[in-house]
Amino acid sequence: MTVLPLIFTSGLASGINAYAVVLLLGLLGRFAGAESVPHALERTDVLIAAAVLFLLEAVADKIPYVDTVWDVVHTVIRPIAGAVVGVLIASADPGSLSAVAAGAMGGTTALVTHLVKASLRMAVNTSPEPASNIVVSLAEDLSVAGLVTLAIFHPWLAASIGAALLLAGLLLVRLVIKRIRAFLARRRERRAAKAAGGAFAAQP
């Protein structure tokens, strides 16, 4: 079960930026001698493809509303990536965890994290200036880099930090949803009051 925290952390990070996870794991395995990284991720063609896609996401993820469209498209891609990475990690350490369990853990964690990320980014898009998108996107990229790197050398610590961040994200999404609902309710009340006032004024 030694690969369990690495699978969890890589799945969690894949829900934020799957291409960065594949790229970082591949580079760490190829150039830093990380034995827990599957050889399939160290291949040159995989690294090139991951790097190109990472650069595309790095741009798209910092543009308001474009990032939302990108997130919608990746609702399927990120969980699949998390599952595949989980299966590959488990296969590199036979007997530690079954491929089905590894795929389920990586994919589910990636899906939950993706939904949290997408929800919070939609809330950020309500801001009239683009700087917030850039700051949040950079923070996400740095968190992915930090968690994946930490997971290679200190997997249980990385998994603990990742779990804490995911819990905080879920709580933040709940708070954001409550505020959005309250805002919409107040707007409906103002519209109803305005319509009622207009109807009263129109009466002879």
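Predicted model: local features only at pLDDT ≥ 70, side-chain atom pairs only at ≥ 80, totals over all residues.
In which helix is the place of Ala 90? Ala 90 sits in helix H3, which covers residues 66-91, and this briefing uses that residue, together with a few others, as a way into the structure.

- Ala 90 counts as buried, because its relative accessibility is 4%, and buried here means under 20% relative accessible area.
- When residues up to four places away in sequence are not counted, Ala 90 touches Ile 7, Ser 96, Leu 97, Ser 98 and Ala 102.
- Ser 36 and Ala 90 are 54 residues apart along the chain, and their C-alpha atoms are separated by 9.1 Å.

**Pro 5 in helix H1**

- Pro 5 belongs to helix H1, made up of residues 4-31, and with a relative accessibility of 1% it counts as buried.
- With neighbours within four places in sequence left aside, the residues in contact with Pro 5 are Pro 155, Trp 156 and Ala 159.
- Between Pro 5 and Ser 132 there is a separation of 127 residues in sequence, and in space the two are 31 Å apart, C-alpha to C-alpha.

**Glu 42, a buried charge in a loop**

- Glu 42 is found in the loop that lies between H1 and helix H2, the latter being residues 44-60.
- Although Glu 42 is buried, it has no salt bridge, and the nearest side chain of opposite charge, that of Arg 30, is 6.4 Å away.

**Patches on the surface**

- A nonpolar surface patch of about 500 Å² is formed by Val 69, Val 73, Val 76, Ile 77, Ile 80 and Val 84.
- Val 73, one of the residues in this patch, is located in helix H3, and it is partly exposed, having a relative accessible area of 48%.
- A patch of positive charge on the surface brings together Arg 186, Arg 187, Arg 188, Arg 190 and Arg 191.
- Of these arginines, Arg 190 has its place in helix H6, which is made up of residues 155-202.

Technical notes. Residues numbered from 1 in each chain as written. Heavy atoms only, no water. Helix = DSSP H or I, 4+ residues; strand = E, 2+ residues; numbered from the N terminus. Buried < 20%, exposed > 50% of the residue type's maximum accessible area, 1.4 Å probe, protein only. Contact = heavy atoms within 4.5 Å. Lys, Arg positive; Asp, Glu negative; His and termini not counted. Salt bridge = Lys/Arg side-chain N within 4 Å of Asp/Glu carboxyl O. Patch = residues over 30% accessible without salt bridge, like charges linked within 9 Å, V, L, I, M, F, W, Y side chains within 5 Å. Areas by Shrake-Rupley, 256 points an atom, 1.4 Å probe, with all protein chains shown as cover. Charge placed at Lys NZ, Arg CZ, Asp CG, Glu CD.
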